[in-house]
Amino acid sequence: PTSAQVSVAPHSGRFCYTLDNDVLSTEQRQFYEDNGYLLIKGLVSDEDIERFRKEFKRICRREVKPPGVMIMKDESLRSQFGQSEKVVNKVQDFQEDEELFRYCTLPEVLKYVECFTGPNIMAMHTMLINKLPDSDKQTFLHPMHQDLHYFPFRPAARIVCAWTAMERAHQDNGCLVVQPGTHRTALKPHGYPEWEGKTNKLFHGLLDEDEKIPKVHLVMEKGDTVFFHPLLIHGSGINRTSGFRKSISCHFASSECHYIDVKNTTQEHLEKELQEMVSKKYNATSVDLKDIWNFRARLVQGERINL
């Protein structure tokens with residue numbers, strides 16, 4: 001139950017990327033319109049963040065094993081650190097973990113999400129990122145990319161990511177880097193960057209990055225949350241500190257969005273790669289991108305319509 005007077009059609013006047021609401025100021029709406037992201041200070045409480053941190057550590061130690069969760073590790077560190085947070089770079093698809101999934105249902109987060117999606121909200125993609133210290137190999141550098149590359153649903157304007165810093169994020173520990181205004185561009189071709197021995201599975205990046213577009217490093221304090229458009233070009237640097245840079249995020253979409261067929265598009269090769277991974281893991285024969293996202297999707301507010 002947040003601002004109920006939200007129309008699902010884009011504003012007929014100057015706002016294309018936000019809906020009429022009583023949460024965002026005109027200045028905030030205009031900033032998102034122009035830049036494709038909006039930073040809200042101190043949105044998530046220290047208490048909630050510490051609960052998410054505790055649950056992440058339990059998953060790392062295998063004290064809990066949520067179904068469907070994908071745990072990404074640096075296997076080269078396992079002999080040194082065993083099963084611990086010092087090995088795990090990311091916990092993805094935590095929709096079946098009751099404690100971490102609370103993030104996707106926090107009223108203070110959904111209040112803002114509704115300004116972009118409307119009242120019927122699906123949690124589509126969940127991640128807790130634990131950026132490991134990585135000063136030399138650059139294993140966890142995420143190349144500049146657009147999140148829409150991974151999504152077989154549209155329209156893009158009714159999708160938004162909420163990304164919350166679980167401790168201070170800055171240039172030294174690999175904060176988010178964005179290219180303001182790039183949400184107004186089309187979806188660009190993505191693939192693995194040509195970095196010898198430095199690419200993580202599914203860490204796709206832009207094949208043709210325009211270096212002339214200015215970049216902004218989003219320095220964030222613990223609890224700060226940035227909301228951004230799925231076409232905004234962004235990435236993150238490497239963590240040059242000895243600590244971990246944690247963040248928790250969810251991509252939300254209006255349940256009125258619809259699935260698309262990605263065959264003969266720039267997303268087709270992604271579908272093939274995911275199909276191979278899923279068939280290997282679950283011994284499934286025919287799975288398309290829509291099925292994979294349907295499995296991840298969870299209703300968090302309102303009514304489930306299409307997704």
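Me: What does the accessible surface of the protein come to, and how much belongs to carbon and sulfur atoms?
Reply: This is a predicted model. Its accessible surface comes to about 13,600 Å², and carbon and sulfur atoms account for 50% of that area.

Me: What share of the residues counts as buried?
Reply: The protein has 307 residues, of which 56% count as buried.

Me: How many helices and strands are there?
Reply: The protein contains seven helices and 16 strands. Taking the contacts between residues at least 6 apart in sequence, 81% join residues at least 24 apart.

Me: What is the mean pLDDT?
Reply: The mean pLDDT of the protein is 87, and 86% of the residues reach 70 or more.

Me: Where does it stay under 50?
Reply: Residues 1-12 have pLDDT under 50. The model does show 32 contacts beyond four places in sequence for residues 1-12. Where pLDDT is low, however, predicted coordinates should not be read in detail.

Me: Let us turn to α2. What is its reach from first C-alpha to last?
Reply: Helix α2 covers residues 46-60, which is 15 residues, and reaches 21 Å. That is close to the 21 Å expected at 1.5 Å a residue.

Me: Which residues of α2 are buried?
Reply: The buried residues of α2 are D48, I49, F52, R53, E55, F56, I59 and C60. They lie on the same side of α2, because they cover an arc of only 165 degrees around the axis.

Me: And which exposed residues does the face turned away from the buried side carry?
Reply: That face of α2 carries E47 and K54, which are exposed.

Me: What about D93: is it buried or exposed?
Reply: D93 is buried, with a relative accessible area of 5%, which is under the 20% cut-off. D93 is not a glycine either, and has a positive phi of about 60 degrees. Its place is the loop between β3 (88-92) and α4 (98-101).

Me: Which residues does the cis peptide bond join?
Reply: The cis bond joins R154 and P155, with omega at about 5 degrees. P155 belongs to the loop between β6 (153-154) and β7 (159-165). Most peptide bonds are trans.

Me: Now the open sheet. In what order do its four strands come?
Reply: The order is β5-β13-β8-β11, and the pairing is antiparallel. The edge strands are β5 (142-145) and β11 (216-217), each of which pairs on one side only.

Me: Over how many bridges do β8 and β13 pair?
Reply: Strand β8 (residues 176-178) and strand β13 (residues 234-236) pair over three bridges, in the antiparallel sense. Opposite V177 stands G235 in β13.

Me: How far apart are S242 and N173, in sequence and in space?
Reply: S242 and N173 are 69 residues apart in sequence, and 8.7 Å apart in space from C-alpha to C-alpha.

Definitions and conventions
Residues numbered from 1 in each chain as written. Predicted model: local features only at pLDDT ≥ 70, side-chain atom pairs only at ≥ 80, totals over all residues. Heavy atoms only, no water. Helix = DSSP H or I, 4+ residues; strand = E, 2+ residues; numbered from the N terminus. Expected span 1.5 Å × (residues − 1). Buried < 20%, exposed > 50% of the residue type's maximum accessible area, 1.4 Å probe, protein only. Arc of directions from axis to C-beta. Pairing = 2+ DSSP bridges. pLDDT = per-residue confidence, 0-100. Contact = heavy atoms within 4.5 Å. Areas by Shrake-Rupley, 256 points an atom, 1.4 Å probe, with all protein chains shown as cover.
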